[in-house]
Amino acid sequence: MSTFGTHFKVTTYGESHCLSVGCIVDGCPPGMALTEADIQPQMTRRRPGQSAITTPRNEKDRVEIQSGTEFGITLGTPIGMRVMNENQRKQDYGNQTMDIYPRPSHADWTYMEKYGVKASSGGGRSSARETIGRVAGGAIAEKYLREAYGVEIVAFTNSIGNEFLFPPTPEHPTCATNPEYLKLIEVITREKVDQFLPVRCPNDEVTRRMEKLVADYKEKEDSIGGTVTCVIRNCPTGLGEPCFDKLEATLAHAMLSIPATKGFEIGSGFGGCQVPGSIHNDPFIKAPVVPAGTGHASVQRPRLTTKTNNSGGVQGGISNGAPIYFTVAFKPPATIGQAQTTANYDTAEGVLEAKGRHDPCVVPRAVPIVEAMAALVIMDAVLAQQARTAARALLPPLKGVVPVQETQNGVQS
């Protein structure tokens, strides 16, 4: 369906070539300062037409808050947000091939099978235009998390095609054991990531190789995929709802709902399968003392942390206070200009040469989308845990039981 979340809900609407796209956010706490200026930076990072290796569709993606705030303050009521589509070109799809052929590996055929009808131009709801609502909602969630807990969410391009920021090696089959990678996720910022446009890979040499690779595929009217890595820092402990809504499960759900995604791994991921348990286990150690005047005032740090972080900040489906990091795989965009032999809707074989304006690689523009979905997951988990700890706080203390540390915001840490 079109709604994500249980306590902090985001419902997106719109198709790639309709009048507008946007969302309704329900469950935002009241009393938070919020204007379009808080949301627009992420919208601008996501928008098309950013460089020569993205789609040339020219959309400004200016967000407008329609409801749920007054005088720049959230009211606790549903927040409606809208972005007008300004640069649609439906005529690109009104030709003899695009009308009669479902695009290979696209959603054209499956949408027709499910609904019996589909948008006649663009990708409809399967288009990346739908993610505008996700990014808008995620920006609101992220502002609350940052102000309440000091949460930081940063994503970056980890690979494109066969070009890797951290190639797997026999010594480090997973990035989780690579000290350089672990150092990067501790300090990387969005400002640093955006210094490496247009691909958003935080390494000059690798960025140049990735940019050339994408440009080569674009020149051949082809496409290529890649991966995005995301880190969540300063996340409160105790988030996640075992058994079926474990934190890594909801993160995977969120990420695999993004268009063009084909894989998800957290912590050591698939490479961790090659590491013995004696190395993979994360021993507990006493957490370092946070110096006075640093960190976030409302967040008490846990007494324990881990010496290593192969778990990716989640154990038993619950956050443990360490940085949460994961990687999302994106396939090559399905719509390419090369002639492809395929079947039409009437089963007759023919040749499709797709038209329209499309990204040769979605990975660079997926970075803020991954950040947004991460924010939505953590926000929903925070509200669930706040409700639990607030309800528990009303009960008389149990005799002989050591009380769990709690922050003033109701999330244990």
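Two strands count as paired if DSSP finds at least two bridges between them, strands (E, at least two residues) and helices (H or I, at least four) being DSSP runs numbered from the N terminus. The model is predicted, so local features need pLDDT of at least 70 and side-chain atom pairs pLDDT 80 or more, while totals for chains, interfaces and linings use all residues. Residues are numbered from 1 along each chain as its sequence is written, and side-chain values use heavy atoms, leaving out hydrogens and water.

**Exercise 1.** Determine which strands stand at the edges of the open sheet.

Solution. Begin with the strand order, which is β1-β2-β3-β7-β4 with antiparallel pairing across 5 strands. β1 (3–4) and β4 (63–65) each have a single partner strand, so one side of each is left without a neighbour in the sheet. Next, take β1 and β2 (residues 9–13), which run antiparallel and are joined by 2 bridges; T3 has T11 in β2 as its bridge partner.

**Exercise 2.** Describe how α3 passes α9, and by which residue classes they meet.

Solution. First, the axes of α3 (residues 131–149) and α9 (residues 363–393) come within 7 Å and cross at roughly 50°, where axes are lines fitted to C-alpha atoms over the stretch in contact and angles run from 0 to 180 degrees between N-to-C directions. That makes α3 oblique to α9, a term for angles that are not under 35 degrees (roughly parallel), over 145 (roughly antiparallel) or 65 to 115 (roughly perpendicular). The crossing is left-handed, meaning that the near helix is turned anticlockwise from the far one by less than a right angle. Finally, the contact (heavy atoms within 4.5 Å) has 14 nonpolar, 4 polar and 2 charged residues, with Ala, Val, Leu, Ile, Met, Phe, Trp, Tyr, Cys and Pro counted as nonpolar, Asp, Glu, Lys and Arg as charged, and the others, Gly among them, as polar.
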